[in-house]
Amino acid sequence: MIDERARFGEVKKGKKPGVQFKVAEELYQSLKEDVLTAPKRVERRGTLPCAFGKGGTCCRVCNMGPCQVVEGVEELRGVCGASAATVVARNFARMVAAGTSAHSDHGRHVAKLFYEAVHGEVPFEVRDKRKLRVVAQALGVDPSLPEDEMLKRMAESALQIFSQQEGEIVLTHRAPKPLLEKWRKYGVVPRGVDREVVELIHRTTIGVDQDYRNILMGAARCSLADGWGGSMVATELQDLLLGNPQPIRAKVNIGLGVLKPDHVNVAVHGHDPLLADALVMASYDPEILSLAKKVGAKGINLSGICCTGNEVLMRKGIPVAGSFIQQEVAIATGALEAVVVDVQCIMQNITEVARHFHTAVITTSPIAKMEGAVHIPFDEKRAIDVAKEILKVAIERYPQRDPAKVRIPDSSIDVVVGFSHEAIMYILGGRFRASYKPLNENIINGKIRGIAAIVGCDNYRVDEPIQVELAKELIANNVLVLATGCSATQLAIAGLLSPEAAELAGPGLREVLEAVGCPPVLHMGACVDNSRILIAATEVVHTGGLGEDIYQIPAVGCAPQWMSEKAVAIGMYFVTSGVQVVFGPDFPTLGSKVVTDFLFYEIEKYFGGSWRVARTANEFANIMIDRIDFGRRNLGIDKPKPRVLFDMAMRRALDSARYAPPFHGLGCFGPHTVRAEEKQES
Ligand code: BF8
């Protein structure tokens, strides 16, 4: 049942940052003691997170409060009489609405750009023609139309996903039929993204929806507008405009090779890959290169942070400097001339850290400005010109770099990334029969026990990189791991995104991975790209042999260090799509048992998915492997497979794998694997 210890969060008074910050601590040394970084703020606040806020029982939707409510205590309802269940359900629903709005505003931006591109108003064009007709069909457009006409109708259909007031978001029709029918039966098929977000915020204001079940079903509907709406639009149209990710070799982590001491270093941070794409192109511009040389630099070196980092890593092989919790550390290397940010997960503290170096923080979005930053608005109509303007600011900062403050550790890691759902089909299916059939067959014959997605954030309040131990445990138990977002970056840094890490897999999984030369952890992209996992799951169902609905697949998801509201929206759309999702180290509804019971148990009766909470890697692994085995049993494909514990010898093997000669095998070393340098040149 619910782990009550999780209720009050992780941090104890005066606690020192844990191993997650080991490298960081070294780099932070270049900062004066009085510079307040995020780990220092955790340490110096000296307080636990607010227990009422944590459990979801702080109501602040009106000015009679804020009211702290306690479940089961009549006197401690809200002034209006709101119960803990109502308050907790409202707060949860509002997180879903906020997360959905973030992914979907991003998606709308891409849809608008797609519209402008196909009408010749911006200098972008469709790069991925192979995928074009598949997406056309998904958007309800006849793929046999002449291309020009088809593109225009696709753009209209994509924009309609946001503005539509009635009916069903067309992309939900991609889901397996039994799932779509369940959504219809329970009235949760989303009508349009904007409508669902606005309605959910409305129904959770004072004096509207006061039935926790009804509120949570509203949250389910809104979350589907994210996963099968806004996020899916973002992913699919970005693939068309910027290219569908294919396996590519690259580097991650703050280290030499990712940052270059003799180059102008520019980090792109946030979530919009269009800006980053323009910066990549501008970085090869002769005028820019000549300006960089004039100030004594050899060129421009780009790296990524957070999800923008994942986007350019997947498509271009641009290295990733770090995840969410590394954004300050990247600046603390003293080697960054500029951090170019757009929207989401950009901590206000980076301007404070940048102030102690020569680094310019450059904001580019009209909805995300920061005090202490330079603002250069990104305009897609003049994308390259704006990108050049940004790079000129970075070049001007290069002579101000203080060599005494530069610390770039030698800790970058080689990875293979770029596993879009199409690429997985190609790699696992083989070069000549791109299909999920071999994947399904290997799940059915038990070589692959199941599939686990490790997604979401990392979090300054969590000491250990839980994702890493968890992934090792899962792959040792023959579970194939998919990863996105900052979890993917953590797993990359741990060396699990290299084909050599297949040595850590159980014998069945290892055999499959070594046959195709794939890593045991497949990087599928940024947070909006969790929609790729929905499509892959649907494809697995359609391929056959593993049931007729997503809930029947031996698959499970988790976000072990969730931080953002976006993670809650993602988790909810996976649950509503039939997947069990484990969150950690706490869960935002633990202040109400009835609400938590609904989300953990009752919701499963409607959609087949449910939530769980766990704190340690072992707890996560137990829950997740049990769920996979449950799925196998129900399909009648269970065979006795003893649990093996990940031992120290295997762990050592991983460490040596990091320094082993580069990649082998067919899939990831075949003609479809591109080296980052080749890709950048082409
Ligand atoms: O959208 S994983 S910390 S960067 S919220 Fe943010 Fe979480 Fe990272 Fe990307 Ni996702």
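**Salt bridges in the predicted model**

Arg315 is buried, with a relative accessible area of 5%, and Glu311, the residue with which Arg315 forms a salt bridge, is likewise buried at a relative accessible area of 2%. In this predicted model, the closest N and O atoms of the two side chains lie 2.8 Å apart. Because Arg315 and Glu311 are 4 residues apart in helix α12 (residues 306-316), about one helical turn separates them. Both residues also belong to a network of salt bridges that includes Lys131, Arg174, Glu236, Asp239, Glu422, Asp529 and Arg532.

Arg401 is located in the loop between α15 (383-397) and β10 (413-417), whereas Glu337 is located in the loop between α13 (327-332) and β7 (338-341), the two being 64 residues apart. Both of these residues are buried.

Within helix α18 (residues 466-476), Glu469 and Lys472 are 3 residues apart and thus separated by about one helical turn, and their salt bridge has its closest N and O atoms 3.4 Å apart. Here Glu469 is partly exposed, with a relative accessible area of 30%, while Lys472 is buried at 6%.

For the chain as a whole, the count of salt bridges comes to 43. The chain contains 26 helices and 17 strands, and buried residues account for 63% of its 682 residues. Of the contacts with a separation of 6 or more, 77% join residues 24 or more positions apart.

Key
Residues numbered from 1 in each chain as written. Predicted model: local features only at pLDDT ≥ 70, side-chain atom pairs only at ≥ 80, totals over all residues. Heavy atoms only, no water. Buried < 20%, exposed > 50% of the residue type's maximum accessible area, 1.4 Å probe, protein only. Contact = heavy atoms within 4.5 Å. Salt bridge = Lys/Arg side-chain N within 4 Å of Asp/Glu carboxyl O.
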